[in-house]
Amino acid sequence: MSMGSSAQLRRLKPLYQLVVNNILAIVAVPLAAAVLLRAASLGPEEILARALALRPAHMFLCAFLPAAATVLYLMLRPRAVYLVDYACFRTNPNCRVPFATFLEHSRVWPGFDERSVRFMTRLLERSGLGEETCLPYAQHYIPPSRDLESSRAEAELVIFSAIDDLLAKTGVSPQDIDILVVNCSLFAPTPSFTDMIMHRYGLRKDVRNVHLAGMGCSAGLISVELARNLLQVAPRGARALVVSTETITPNYYMGKERAMLLPNCLFRMGGAAALLSTDGAGARFRLAHVVRTLRGASDSAYHCVYQEEDDRGNVGINLSKDLMNIAGDALKANITAMGPLVLPASEQLLFALSFIARKVLNNRIKPYIPDFRTAFEHFCIHAGGRAVIDELQRSLTLSDEQVEASRMTLHRFGNTSSSSLWYELAYIEAKGRMRRGDRVWMIGFGSGFKCNSAAWECIRPAANADGPWANCIHRYPVHIPDVLKH
């Protein structure tokens, strides 16, 4: 197809979208006009005479059936779930780990050889991380401390700080929390994190609580879905506290396997707490949809993010070279499920026609990628790494501004695992870009392999930029140099 033809199609697409997305109104208005004209031609006496000629049973059914259907729908539809507010852990400057500090510590530690240090140097240079990401106190020691006490100290610092901020913002008492869901993949002590929170804040004895472990970086949206499901069967107005974090301290890899060194360079400390409720009073977002995609039946997908020991007994996370291909397949499955729920009719029709054409022509034409920019104003893509963001930007044909929140979160905070989506939402709000009625798409990836996503609708934007970006939002966005090819 020539460039001129492509330009003409792009100019015609807004007209096509206007017609298809409003097809019901286009059809209904002439029909309604025809009915009104017909009624006007009959006159009021003729209309009244025809109405009186109807049998009582017909009159009853005309009135009862629509009313009964409306009442039944209102009774059976799932309760709406709202995000009252959220808060992210604010990192301390004394936890900051510049590249030079990270690499100096790596050189001093005898477990890493010069080859491993050079490899991590290249990873950091290409990672998209900045000089202000933070590691827990225990990882500033030489050698890094990975004991249970240090791990608990990090978890308590991150989790309690986020919850304290959230309770202060919402004015909700801990005694008013009915459901507690916490996710942390690689650190699951006894007692659990939910027990730790209940003990700290004195929650009620009847609180329903769940600690999700081993679910990877997409576990935050799994927690949101679980909280939503529990809220929809709880008494109206119930509140659910959702906490997402990853404890870095016990999971620092001390070996030399390249595939297991990458998490050392990308993962940083962080966490978030969110309050959900079925009471929309004072809420800031409405949860529209949650879609989960699991590829664990495939051997390659199951093993692409895998915790294991190297040949010297050092435990770490092995990231497969096929990770991005597997993530791409999981994303395709997820957007196939999410598309019909959120896309306008014009995009769904184009996708359906493309699918039929590919079947008829034996896949000789490229598939049509739906334009999700017609369904969402904002995108929060898991800041799992530069390659993850690049791949999703390409796959979803997003602009640089639409992935800005993800890139800047990776630069400022690093990969904070499941909590990164909340830092990205906070970035969008700190920039003042959120408006009432705006739609947000959160997309997370995790071990297993999973791709989970959630759609939100903004009810009330943040009144100010208070949050994890409060002290640095004026410096963002920053320029991130292109990756150099060697």
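Predicted model: local features only at pLDDT ≥ 70, side-chain atom pairs only at ≥ 80, totals over all residues.
**Notebook: a proline, some rings, a helix pair**

I started with Pro-143, which sits in the loop between α6 (114-127) and α7 (148-170); helices here are DSSP runs of H or I of at least four residues, strands are E runs of at least two, and both are numbered from the N terminus. Residues are numbered from 1 along each chain as its sequence is written, and side-chain values use heavy atoms, with hydrogens and water left out.

I then skipped its neighbours within four places in sequence and found Pro-143 in contact with Trp-109 and Met-254, contact being heavy atoms within 4.5 Å. Val-108 is 35 residues from Pro-143 in sequence, but their C-alpha atoms are 8.4 Å apart.

Next, cysteines. I looked for disulfides (two cysteine sulfur atoms within 2.5 Å) and got zero. Cys-265 is buried at 0% relative accessible area, and Cys-458 is buried too, at 2%.

Then the rings. My search of the whole structure gave 15 aromatic pairs; rings of Phe, Tyr and Trp (its six-membered ring) pair if the centres lie within 6.5 Å, and planes under 30 degrees apart are stacked, over 60 edge-to-face, the rest tilted. Phe-187 and Phe-193 have centres 5.8 Å apart and planes at 65°, so I logged them as edge-to-face. Both of these residues are buried. Phe-413 and Trp-469 are also edge-to-face, with 5.1 Å between centres and 90° between planes. Phe-413 is in helix α15 and Trp-469 in the segment after β11 (450-458), so this pair ties together parts 56 residues apart in sequence. Phe-413 and Trp-469 are buried. I followed the ring pairs on and got a cluster of Phe-413, Tyr-423, Tyr-427, Trp-469 and Tyr-476.

Last, helix packing. The axes of α14 (386-395) and α15 (404-413) come within 10 Å and cross at roughly 175°; axes are lines fitted to C-alpha atoms over the stretch in contact, with angles from 0 to 180 degrees between N-to-C directions. That makes α14 roughly antiparallel to α15 (over 145 degrees). Arg-386, Ile-389, Asp-390 and Gln-393 of α14 meet Ser-406, Arg-407 and Leu-410 of α15.

How values were computed. Parallel < 35°, antiparallel > 145°, perpendicular 65-115°, else oblique. Buried < 20%, exposed > 50% of the residue type's maximum accessible area, 1.4 Å probe, protein only.
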